[in-house]
Structure formats: C-alpha cells, structure tokens
Amino acid sequence: MILAKRIRLRPTKEQKIQLWKSVGTARWAYNWALSKQEENYKAGGAFISDGRLRKVLTVLKQTDEFSWLYEVSNNITKQAIKDLCEAYKKFFKGLTDQPRFKSRKNSKPSFYNDNVKLKVDGNKVLIEKVGWVVVSECIPVEKYYNPRISHDGKYWYLSVGIEESKPIVELTNVSLGIDVGIKELAVCSDGIKKKNINKTSTVRRTEKRLRRLQRQVSHKYEMNKEGNRFVITSNIIKIEKKIQHLHRRLTNIRLNHLHQSTCEIVKTKPYRIVMEILNIKGMMKNRHLSKSIAKQCLFKFKRQIRYKCEKYGIEFVEADKWFPSSKTCSSCGHKKIDLKLADRLFKCEYGHELDRDLNAAINLSRYKLVI
C-alpha cells in the first residue's frame with residue numbers, strides 16, 4: 001500500500017528563487033498544453049497525446065524565445081503536460097470537470113521532481129536544478145512514488161509516496177455506521193460523536209480576525225482607487241499576507257481535526273464501516289447551508305476513512321443515496337415519511353425516541369445485513 005509522506009523543506013534564499021521558477025514553469029507548461037488541446041478541438045482534430053505535445057515542446061525549447069525553459073528540469077514540463085492529458089481523460093470519463101487554465105493567484109504552487117533523481121542524504125534532499133535542500137526530518141531511504149514540491153502560502157513541502165505493508169490487525173465483529181452532518185461532524189452507531197470543529201472558540205476567533213482584516217484591505221483598496229484601477233500599496237500587500245496565513249491556519253486546523261477523528265474511528269477496529277454516498281454538489285446548492293457544508297470538508301472526511309479502512313483491512317461500504325437511513329426507525333423499522341430537516345429528534349409513531357443522527361448511523365450499520 002502506498003501512503004503519502006509530507007516533509008517541510010528549509011531552502012535558502014537562492015533555492016527559493018529557483019523553486020518559484022520551477023512552479024511558474026510547471027504552470028506555464030500546463031496552460032500551454034491546455035491551449036493546444038483547445039485549439040486542436042476547435043479545428044476539429046482528435047485528442048492530442050502527451051507524447052506528441054512533449055515532442056512539440058522539445059522543438060520549441062530550442063528557439064531563443066523559449067530558451068528560459070532550460071533553467072529548470074525538463075521533467076517538470078513533461079509531467080505538467082502529462083497531468084493535463086490525464087485531467088482530460090478523467091473529464092472524458094465523467095469523473096471531473098473540464099480542465100481550466102491555472103492562474104498565478106488561485107492555483108496551488110507545485111511541481112514534479114523525478115523519483116529516480118530524488119536523492120536523500122541524512123537531513124538533506126537533492127532536487128533537480130535546485131540543489132541539496134535541508135529538510136525538517138529525515139526521510140527513509142527507499143523507493144519513492146510521485147514526488148511533488150509545493151508551497152502552502154508560508155512553507156515549502158516535499159510530498160512523496162512510500163510503499164508500506166499493511167499492519168496485521170485483529171478486527172471485531174462490529175459493523176459501524178457513520179452519519180455525517182453539520183451539527184456534528186460524524187455520529188457513529190456505537191454512540192461516539194465527533195464534534196464540529198468550526199463551532200470551537202479557536203476557529204471562531206480566527207474567522208473573526210479574518211473578517212476584520214478583509215474589511216481593512218477592502219477599505220484600503222477603495223481609498224487607493226485611481227479611476228478604473230486599484231493601486232496596490234505596501235500596506236495592502238502586508239494585510240493580504242496576513243489574510244493568506246489565516247486561511248492557511250484554518251485549513252490546517254480543519255485538516256488536523258479530520259485526521260484525528262478518522263484515526264480514532266478506524267482504531268475501534270470494526271470489521272466494516274458503512275457511509276452514505278455524499279452528493280456534495282447537490283448539498284452545496286442550498287444557499288442557507290452551503291457555507292457550513294464547505295467548512296465541514298465532508299468529502300475529505302470520507303476519503304480519509306476509505307484509505308484508512310484499506311490500510312487496516314476494514315471493509316468500506318457505501319450505502320445507496322436513496323437508502324432511508326434518517327426516516328427509518330432503528331427500533332421497529334417503521335418509516336416516517338414526513339421527517340423534516342428541523343426535526344433533530346426522531347419520534348416514531350410507536351413511541352420510540354432517539355437522536356436523529358444516531359438513529360441514521362444505527363440504520364447504516366445494518367445496511368444489507370440480515371438481522
């Protein structure tokens with residue numbers, strides 16, 4: 001089983017400049033390949049393979065206009081083109097949306113490093129055309145998969161896939177159902193609840209500070225408006241940097257909570273875990289709940305549960321999205337058709353009362369089981 005390991009890099013000023021060059025080149029190669037695909041499609045041509053595009057780029061690099069591409073590793077541009085073609089293939093299969101151009105402001109700064117040329121020596125790692133970069137922890141010397149260097153707004157990181165053997169775990173005979181939501185992140189059929197991290201004082205204080213800084217920078221933009229354009233001053237840049245760091249802090253808090261919650265659930269060692277198929281796009285159409293749903297990161301929660309189940313040999317089951325887990329009484333099996341979203345306590349006609357989310361989790365734990 002291949003698991004990702006993320007290590008912080010500590011580059012020098014000169015190395016940071018080269019890292020940003022690599023990021024920009026990767027973004028340019030992706031956008032160049034995307035423009036070629038779109039031009040070819042408008043002309044009525046068939047899909048261009050990544051091999052053909054790489055050959056065209058190799059010829060292009062030999063001109064004076066694009067000689068700057070030699071300043072970074074050629075594997076960066078090759079992999080960026082391959083990533084674009086893979087994104088198109090997923091789009092053709094209906095798995096993702098159509099690929100879009102990457103902008104400097106909104107895209108994640110990252111690039112590929114060839115796994116064969118990635119060398120490790122103690123607390124240093126060799127990155128192509130960058131040199132030996134100090135890392136915050138030692139990397140095990142073994143085979144790596146898909147090395148990527150990225151920047152999260154504050155620090156540089158190296159992410160590598162490392163093959164690990166599955167641990168031998170003795171599982172219990174428990175079938176665990178998990179109901180996710182907004183009030184609580186997750187409610188398990190054994191009664192365990194994972195809190196909504198967005199309701200804690202730490203997140204609320206950070207969000208309050210974020211709103212205050214966003215108002216400040218908006219006011220400064222209006223003050224420095226000249227005609228139809230805005231003048232970006234040093235103070236605006238400072239505030240936007242603080243806003244970026246606060247967004248990063250909120251993301252890390254939520255991601256850390258997801259990892260802790262999913263690890264605690266999986267380590268109860270049930271023989272199977274059942275969750276509903278989540279229609280995130282449909283849920284986001286509710287303008288009253290879309291912001292709360294986005295903050296919960298439900299798709300990431302499910303993805304983490306899935307791969308951790310695979311790691312420990314636990315069966316992961318997805319219940320049909322039309323399975324009436326919330327409307328069915330877990331005690332007698334009676335269905336309550338008129339159940340509303342505001343009804344947080346499930347009250348059966350035959351006198352059974354139970355928390356709505358716990359009732360749904362218990363029903364999920366019995367999904368396709370003969371009881």
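Select Ser-107 and show its side chain, which reaches the backbone oxygen of Ser-103 at 2.5 Å. That is a polar contact (a pair of N or O atoms within 3.5 Å; within protein, one must be able to donate a hydrogen and the other to accept it, and residues adjacent in sequence count only if both atoms are side-chain atoms). This is a predicted model, where local features need pLDDT of at least 70, side-chain atom pairs count only at pLDDT 80 or more, and totals for chains, interfaces and linings use all residues. Numbering runs from 1 along each chain as its sequence is written, and side-chain values use heavy atoms, with hydrogens and water left out.

Stay on Ser-107. It sits in the loop between helix H3 (74–92) and strand E2 (110–112). Helices (H or I, at least four residues) and strands (E, at least two) are DSSP runs, numbered from the N terminus. Ser-107 is buried, at 18% relative accessible area. The classes are buried under 20%, exposed over 50% and partly exposed in between, with a 1.4 Å probe and protein chains only. Leaving aside neighbours within four places in sequence, Ser-107 is in contact with Arg-27 and Lys-102. Contact means heavy atoms within 4.5 Å.

Next, select Arg-10 in strand E1. Its relative accessible area is 42%, so Arg-10 is partly exposed. Arg-10 touches Val-133, Val-134 and Ser-136, not counting residues up to four places away in sequence.

Now the cores. In soluble globular proteins, nonpolar side chains tend to be buried together. A nonpolar core here is a set of buried Ala, Val, Leu, Ile, Met, Phe, Trp, Tyr and Cys residues joined through side-chain atoms within 4.5 Å. The largest has 22 residues; Leu-9, Phe-111, Val-125, Ile-139, Ile-149 and Leu-158 have the most contacts inside it. Elements giving two or more residues to this core include strand E1 (2–10), helix H1 (13–42) and strand E7 (156–163). E7 gives the largest share, four residues. Centre on Ile-149. Not counting residues up to four places away in sequence, Ile-149 touches, among others, Leu-9, Leu-19, Phe-111, Ile-127 and Trp-156. Apart from this core lies another, of 19 residues, among them Val-180, Cys-188, Ile-265 and Phe-301.

Move to helix H8 and pick Lys-302. Is this lysine buried or exposed? Lys-302 is buried, with a relative accessible area of 7%. Beyond four places in sequence, Lys-302 touches Met-275, Glu-276, Ile-277, Leu-278, Phe-316 and Glu-318.

Switch to a surface view for the second largest pocket, about 1,100 Å³ of space. Of its 29 lining residues, Glu-276, Met-283, Ser-326, Leu-341 and Arg-356 are the closest to its centre. A pocket, on a 1 Å grid over the protein atoms alone, is an open set of points where a 1.4 Å probe fits, with protein on both sides within 12 Å along at least five of seven lines; lining residues have an atom within 4 Å of a point. Strand E8 (175–180), helix H6 (280–284) and helix H9 (356–365) each supply at least two lining residues.

Finish with two backbone stops. Lys-269 has phi near 60°, a positive value in a residue other than glycine. Find Lys-269 in the loop between helix H5 (234–266) and strand E13 (272–276). Cys-297 is not a glycine either, and its phi is about 55°. Cys-297 lies between helix H7 (290–296) and helix H8 (298–312), in the loop.

How values were computed:
Points joined across faces, edges and corners; volume = space filled by probe spheres on them.
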